[in-house]
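Please work through the following exercises with the sequence and the structure side by side, and try each task before you read its solution.

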Amino acid sequence: MYMDDHKYQKYCQEISTLRGNPSADDWKNVKAFIKFLNIFYQTTLKFSGSLYATSNSFFHEFFNLRNAIIKHTKSDDRTLNDMAGRMKSKLEKYWGKFEDMNMLLLVAVMLDPRYKMKYVNFILTDAFGSLLGRLKSEDVVSILTRLYDNYNDSFFEASSDNIGGDTSMSEVGDLLQSKWEKLLEDEGNIKKNLILRYI
């Protein structure tokens, strides 16, 4: 730093007369800190680069962030290891443990045609191991099945209310089509009458 910026030593002395220049350990800590902050910076860029974050993209970023933090908790660098440990506890405090995550995020990933259930199985196996991962995958399928059943029941309740009347779905569609054609015809007649009035 002294080679690149000749005012470096003077600047450090002005900031703190007690500490002086940053030591080699200070620079080591800064290097670890920057490496760690880069993870959050990249995640923030991905979210702020979009007008809205969809739940399936949110899951990917959350999972990548979680994996990076866990990887750094196993680092040989003590500073990075300590920082990652504190970050992991904060992540779990605000978002909960991954095991307790809202499974609808995984359902959103499963419904994404690029990933589907095979990818969800892969993610959960990677996070929990094969046995617990398979159980979590079954939970995701169970949730999706219940969502579908709920939707299906409400759809049939709504359609059974219409069955009591005289009109079927095709008749409703035909009625709507004839209204649309009448509107177009009326608009055409209005334009024709306006033109005839000025001739």
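**Exercise 1: Confidence**

Find where in the chain confidence is lowest and where it is highest.

Solution. Begin by noting that this is a predicted model, with confidence lowest in helix H8 (residues 169-198), where the mean is 64, and highest in H6, where the mean is 86. Next, take the chain as a whole, for which the mean pLDDT is 76, while 73% of the residues reach 70 or more. Finally, keep a caution in mind: where pLDDT is low, the predicted coordinates should not be read in detail.

**Exercise 2: Elements and burial**

State how many helices and strands the chain has, and what share of its residues is buried.

Solution. The secondary structure comes to eight helices and zero strands, so that, by the DSSP runs used here, the order from the N terminus reads α-α-α-α-α-α-α-α. Turning to burial, with buried meaning under 20% relative accessible area, such residues make up 22% of the 199 in the chain.

**Exercise 3: The core**

Identify the residues with the most contacts inside the largest nonpolar core, and then follow the contacts of Leu106.

Solution. The largest nonpolar core holds 29 residues, and Phe59, Phe98, Leu106, Val120 and Val140 have the most contacts inside it. Among the elements giving two or more residues to this core are helix H3 (55-73), helix H5 (104-111), helix H6 (116-128) and helix H7 (130-163). Leaving aside neighbours within four places in sequence, Leu106 is in contact with Phe59, Met101, Val120, Leu124 and Val140.

Methods:
Residues are numbered from 1 along each chain as its sequence is written. This is a predicted model: local features need pLDDT of at least 70, side-chain atom pairs count only at pLDDT 80 or more; totals for chains, interfaces and linings use all residues. Side-chain values use heavy atoms; hydrogens and water are left out. A nonpolar core is a set of buried Ala, Val, Leu, Ile, Met, Phe, Trp, Tyr and Cys residues joined through side-chain atoms within 4.5 Å. Buried means under 20% relative accessible area, exposed over 50%, partly exposed in between (1.4 Å probe, protein chains only). Helices (H or I, at least four residues) and strands (E, at least two) are DSSP runs, numbered from the N terminus. Contact means heavy atoms within 4.5 Å. pLDDT is the predictor's confidence in each residue, from 0 to 100.
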